[in-house]
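Colleague: I have a few quick questions about this model. Can you take me through it?
Modeller: Go ahead.

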Amino acid sequence: MAPSFDFSEWWSRDTHKGTPVVVTMENPNWSMLELENPDAPLQQVDKDRGKNARQLTWVLLLKAHRAAGCLAWLATGLWTLLSMVKKRLIFRQGVAMESKISKKDKLFRFLKAFLIFALAALVFEVFAYLKGWHFSTPYLYMPTSFGIQDFLQWIYHSWVSFRSNYIAPPIQTLANICIVLFLIQSVDRIVLCIGCFWIKYKRIKPKPKDESFELKDVEQQDSAYPMVLVQIPMCNEREVYAQSISAVCQLDWPKDRLLIQVLDDSYDDDLQELIRAEVIKWNQKGTNILYRHRLIRTGYKAGNLKAAMSCDYVKDYEFVAIFDADFQPNPDFLKQTVPHFKDNPELGLVQARWSFVNRDENLLTRLQNVNISFHFEVEQQVNGVFLNFFGFNGTAGVWRIKSLEESGGWLERTTVEDMDIAVRAHLNGWKFIFLNDVTVLCEVPESYEAYRKQQHRWHSGPMHLFRLCLPDIITSKISIGKKANLILLFFLLRKLILPFYSFTLFCIILPMTMFVPEAELPIWVICYIPAVMSFLNVLPAPRSFPFIIPYLLFENTMSVTKFNAMVSGLFQLGSAYEWIVTKKTGRASEPDLLAVAERESKSLSQPLHRGASETGLDVLSKLSKQPSTPRIKKINRLYRKELALAFLLLTAAARSLLSAQGIHFYFLLFQGVSFLLVGLDLIGEQVS
């Protein structure tokens with residue numbers, strides 16, 4: 001049959017008339033719409049039929065504009081970083097070097113030697129790469145002449161042979177050990193998260209057997225409430241003492257069943273008078289509050305609490321609540337915590353959760369909020385529900401005084417007196433309860449200097465305590481399972497292994513494998529598992545998901561401080577017993593300030609005692625007449641270890657380019673920049 005050339009059917013197909021094409025551009029997506037006639041509704045047409053050169057040009061221009069903006073942002077950030085390196089590291093403008101590093105600081109000396117070796121190796125490797133020496137077999141190479149280039153080539157091949165035979169095997173063995181520890185710690189973290197999900201799924205929540213202390217006899221209602229002692233230990237807390245005392249004095253509890261001790265260890269005479277005046281002000285409002293100041297200030301916070309508990313009147317009280325100077329409990333705190341002790345004679349501690357008024361102040365406070373939210377939401381809650389044991393956080397908790405006395409009281413042997421008393425109470429059979437829904441406002445450090453010192457104490461103290469209490473754990477009468485949990489999980493895995501493998505694996509072995517490529521780390525160790533662990537850590541603080549990558553990098557950056565602290569505590573080095581009070585700023589959120597002002601206005605309507613009021617005014621008038629002492633100007637600091645690791649990781653990143661290791665390069669690059677930012681003190685409060 002002959003082919004038909006009748007095009008009438010094809011020509012008679014619907015042809016579109018009227019307004020041709022309207023393009024709606026929505027960055028980053030775009031769509032093409034077509035109009036049949038002016039009155040027809042907008043209909044989306046097939047992209048293949050609607051594309052034309054003009055629309056594609058606009059799309060490409062928009063994408064190019066977006067890429068250019070991204071490149072400009074990166075260039076601006078890089079230029080800013082380089083200018084800060086020039087300003088702070090080269091010209092030392094507005095910064096001061098951290099306290100002089102002791103000759104006994106072997107970690108810094110090791111990092112410095114490693115950096116020198118890495119720089120020399122990088123230069124040699126680049127030279128060998130340009131000459132093409134890496135293509136020849138090092139075992140069969142023999143120099144044909146005695147020129148300088150042949151001699152260098154012989155040295156290079158000898159180095160390759162030596163590192164593959166003698167250096168790579170021990171590095172690979174250490175890497176495998178760290179990987180195993182990393183996997184064990186990851187399994188522990190996953191189990192804790194599963195326990196937290198189970199608690200939320202089953203809605204498990206500690207509930208008191210009887211939430212009320214009220215009696216039928218109205219005249220004797222107050223006598224049903226137990227006697228509670230509240231302690232506020234402080235030392236040079238000029239910025240926060242007033243708001244803490246104010247919050248504690250407004251606790252909703254019968255006045256005759258409550259006594260507040262302000263335990264002031266300040267060595268500033270003016271500050272002592274201010275705190276004493278604040279105590280007098282609340283005393284004249286009818287609050288039972290006492291001011292105590294030790295003449296011999298030994299034992300830090302433990303010594304302060306121990307001296308306060310030795311008072312004769314303490315025997316009349318059944319419970320003691322402890323709040324650090326920056327903590328502001330809600331008025332119903334005692335009514336939410338103390339009822340759990342009723343008809344529960346085995347309960348020794350009720351711990352509340354911390355909530356931060358300055359968590360959004362800067363990047364450092366946001367990253368701290370991720371860490372501490374996971375600690376309370378997952379670790380403390382899971383251990384409290386399933387084991388009835390966790391580490392006391394040192395504040396925002398209520399102790400049964402009998403449990404403290406039977407466990408030996410406060411001891412001054414470590415800088416983690418809270419963990420010490422918790423372990424000893426657990427060994428004596430006392431149980432703990434954690435209340436995740438009871439929160440107490442406080443602060444997190446806003447400067448890296450304060451946070452670094454805090455973390456050093458929190459990681460050196462547990463290792464020092466582990467050395468001291470290990471014999472007591474082994475010889476105690478608790479079950480083998482509880483002993484294993486204390487030794488293997490509570491101390492070794494979470495206090496020793498975690499900082500050890502984090503620093504060794506990502507700060508030492510990973511850059512070393514760039515210069516000794518015969519030993520290698522799998523990509524899943526560098527990328528996938530850390531990403532999953534960071535995701536799990538951020539879950540309790542969902543608002544912090546945009547900071548998941550900075551959180552991962554910052555945790556690795558802090559590993560050098562935690563590792564150094566862990567070693568000093570384990571081997572009782574000089575800084576193992578160092579206690580520096582964490583600097584506070586006295587911040588409070590606006591709703592909290594309004595609530596405090598409202599409560600204070602109500603309390604001021606109470607009758608005042610004339611004598612006490614005059615005493616307080618006399619103190620304030622004395623202080624107002626004294627000349628004000630100039631405050632020391634704060635400046636940012638430079639941190640040697642972090643800077644050494646920054647240049648080491650950046651050098652290793654440059655070496656990874658020769659091996660075309662993409663994931664390794666990006667990880668080392670971003671981790672090196674993270675160390676550089678921390679080393680230049682560009683994270684946290686900027687005071688220069």
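Colleague: Is C527 buried, partly exposed or exposed?
Modeller: C527 is partly exposed, at a relative accessible area of 28%. Buried means under 20%, exposed over 50%, and partly exposed in between, with a 1.4 Å probe and protein chains only.

Colleague: And C178, buried or exposed?
Modeller: C178 is buried, because its relative accessibility is 0%.

Colleague: How many disulfides are there?
Modeller: A search of the whole structure gives zero disulfides, a disulfide being a pair of cysteine sulfur atoms within 2.5 Å.

Colleague: What should I know about the model itself?
Modeller: It is predicted: local features need pLDDT of at least 70, side-chain atom pairs count only at pLDDT 80 or more, and totals for chains, interfaces and linings use all residues. Residues are numbered from 1 along each chain as its sequence is written, and side-chain values use heavy atoms, leaving out hydrogens and water.

Colleague: Different topic. Where is W524?
Modeller: W524 is in helix α15. Helices (H or I, at least four residues) and strands (E, at least two) are DSSP runs numbered from the N terminus.

Colleague: Is W524 buried, partly exposed or exposed?
Modeller: W524 is partly exposed, with 35% relative accessible area.

Colleague: How many helices and strands does the chain have?
Modeller: The chain has 20 helices and twelve strands.

Colleague: What share of the residues is buried?
Modeller: Of the chain's 688 residues, 48% count as buried.

Colleague: How many contacts join residues at least 24 apart?
Modeller: That holds for 80% of the contacts between residues at least 6 apart in sequence, where contact means heavy atoms within 4.5 Å.
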